[in-house]
Each structure stands twice: as structure tokens, then as C-alpha cells.
Amino acid sequence: SRPAPSPSAGEEMPAIPGRPPVLCPGCPHRGIFYVLHKLKLLVTGDIGCYTLGGLPPLEGMDTCVCMGASIGMAHGCELADPSLAERTVGVIGDSTFFHSGLTGLLNMVYNNGRGTVIILDNRTTAMTGHQDHPGTGKTLMGRDAPAINLEALVRALGVRRVQVVDPLDVARLTAVIKEELAAPEPSVIIARRPCALLQKERRPAVAVDAELCTGCRACLKLSCPAISVREQKAAVDAITCTGCGLCVQVCKFGALQEGGRQNG
Ligand code: SF4
Ligand code: SF4
């Protein structure tokens, strides 16, 4: 094929706005990284679309080395400085956990660690195109298969403290993370909500009450592509907003309201 024509000398090309990659609107991972950043924790991360949670403005992940490294890194931090156990969280996706997280968790239990691990259970292998995994009940060929129960699996590895939370419930998620960080033994928090792209039913987009919006931009810290600011007020794109409700919990002025508009 012929190469694209180059601009001739002196010809100005229109500026292309920088668009860093972001989590999808309605992504359940967004709640996790928002809370982890707010709590100012040391977060050892892993490989998946959730690694985007390390980018600004979420900035909820500090390390990403290789598949399965999150749990070993969290345990290593604790060994290097025991006081870090109370402010370090290992974060790993469900598919990554089945692939290469089991040994790290077993190692933490065996070596008397007291780390906290969050498994982001979005019921799929999202980053590479929604492949099934041992927890979904289907093989990669689409045949029925035993669905491995994550809670039972981590308990079988010796973890006694296991909690299941909704990653889009900011208040409960915050309380559970604090509770498990304070526990003197290994903990696993399973943050369970399907990938936003797998949800067949969408809720109405949130509405902005311009009278209540102060333009504080706190909602922009969620890095949701559906939210922008126009003329010093928040704006929500009704086409892309899934109505996940996360921003409603973040706006302390009540300017973002659920059930506002039907999306396209
Ligand atoms: S919607 Fe709420 S959080 Fe967002 S800019 Fe307005 S007042 Fe601030
Ligand atoms: S409810 Fe808020 S956070 Fe969720 S998709 Fe819509 S604009 Fe984004």
C-alpha cells in the first residue's frame, strides 16, 4: 500500500488531543482503585486491564512486574518491613489468580504472612477478549466445565478470612479493606461484579443537577470517560454512562443523581 502523504513544509497539522488509556465506563475495577488511592495504601498489582488503575488520576497501583507477582510482592514487602503489612494490598484479577496467583497465596499462608489480597472477580479474562477461565463454568471451546468456587479455593489454601464485596460499593469496600488490613492473618477480599462489557442490562445514565454542582472536579478523579466538565459544571454523556452509580457516591454535593436519563 502507498504511504500516507506527508504534510508539506510549513503546513500545520491539527493538534491531536492526548488520550491516555482508561478503564471503561461502568468498570467495576474503578471503585477498587479509587478507594485504594484514597486510603494511601501500597498496592502491588498484576497483569490485566485493571493495570490501568495505576494511571492518573486513579493512581491506585504502585507495582506491576509480571503475572502472579502481586501476592509475592505484597508478602515480600511485609518481610522487608513488618509494619507494611497494615498498609499493603496485593491486587490480582480472577483469571490471573487462577493462572498464577495460587502459589503466591499458598506461600504467604505457609510462611505465616498476614497480607491482604484483593481478587478482582469480574467473571472473565477481560483484557485479552473475554475468554473463559476455571471459574466461569465453560472451557475455552465453550463446553460446560466445573466452575471452581473462588471462596472455597482460597479457603482450601489456608486462608480463613474471606470476604466478598461489591467493588462499586465505596463505603462497604472501604470498611472491609480497613478491617482486613488490621487482621493479624492472611485475608482475601473477593471484589465481585461482572465486567461492564458483559452486562446485558444497563441502568439509566446519571443526571447532573447543575444547581448543586460546584465544579469541584472531585468526580473527575474517577477517570470515567463518561464524565467531563463544561463551563465549570460536570457533564455526563448519557450514551456511554452505564449508570453504575460510582460517581453518585463520590459527589458530596448530591449533584449526580441516579436514574436520571435513559442512555442510547
Ligand atoms: S458533580 Fe459533584 S463532584 Fe463533580 S464537579 Fe460537580 S459538585 Fe464536584
Ligand atoms: S454512573 Fe458515573 S461513574 Fe458510572 S459510568 Fe456513569 S458517569 Fe461513569
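Predicted model: local features only at pLDDT ≥ 70, side-chain atom pairs only at ≥ 80, totals over all residues.
Before I show anything, let me say what I mean by a cavity: on a 1 Å grid over the protein atoms alone, it is a set of points where a 1.4 Å probe fits but cannot get out, and its lining residues are those with an atom within 4 Å of a point.

The largest cavity has a volume of about 110 Å³, and of the 17 residues that line it, Cys213, Cys216, Cys219, Ala234 and Cys251 lie nearest its centre. By class, that lining divides into 13 nonpolar, two polar and two charged residues.

What sits in the largest cavity? It is ligand 1, and the residues surrounding ligand 1 are Cys213, Thr214, Gly215, Cys216, Arg217, Ala218, Cys219, Ala234, Cys251, Phe253, Ala255 and Leu256. If we sort this shell around ligand 1 by class, we find nine nonpolar residues, two polar ones and one that is charged.

Let me turn now to the second largest cavity, which holds about 90 Å³ of space. Its lining is made up of 16 residues, and here those nearest the centre are Gly26, Cys224, Cys241, Cys244 and Cys247. The lining of the second largest cavity comprises eleven nonpolar, four polar and one charged residues.

Conventions
Residues numbered from 1 in each chain as written. Chains lettered and ligands numbered in written order. Heavy atoms only, no water. Near = heavy atom within 4 Å. 1 Å grid on protein atoms, 1.4 Å probe; cavity = no way out; pocket = protein on both sides within 12 Å on 5 of 7 lines; lining within 4 Å. Sits in = over half its atoms within 2 Å of the grid points. Nonpolar A, V, L, I, M, F, W, Y, C, P; charged D, E, K, R; others polar. Points joined across faces, edges and corners; volume = space filled by probe spheres on them.
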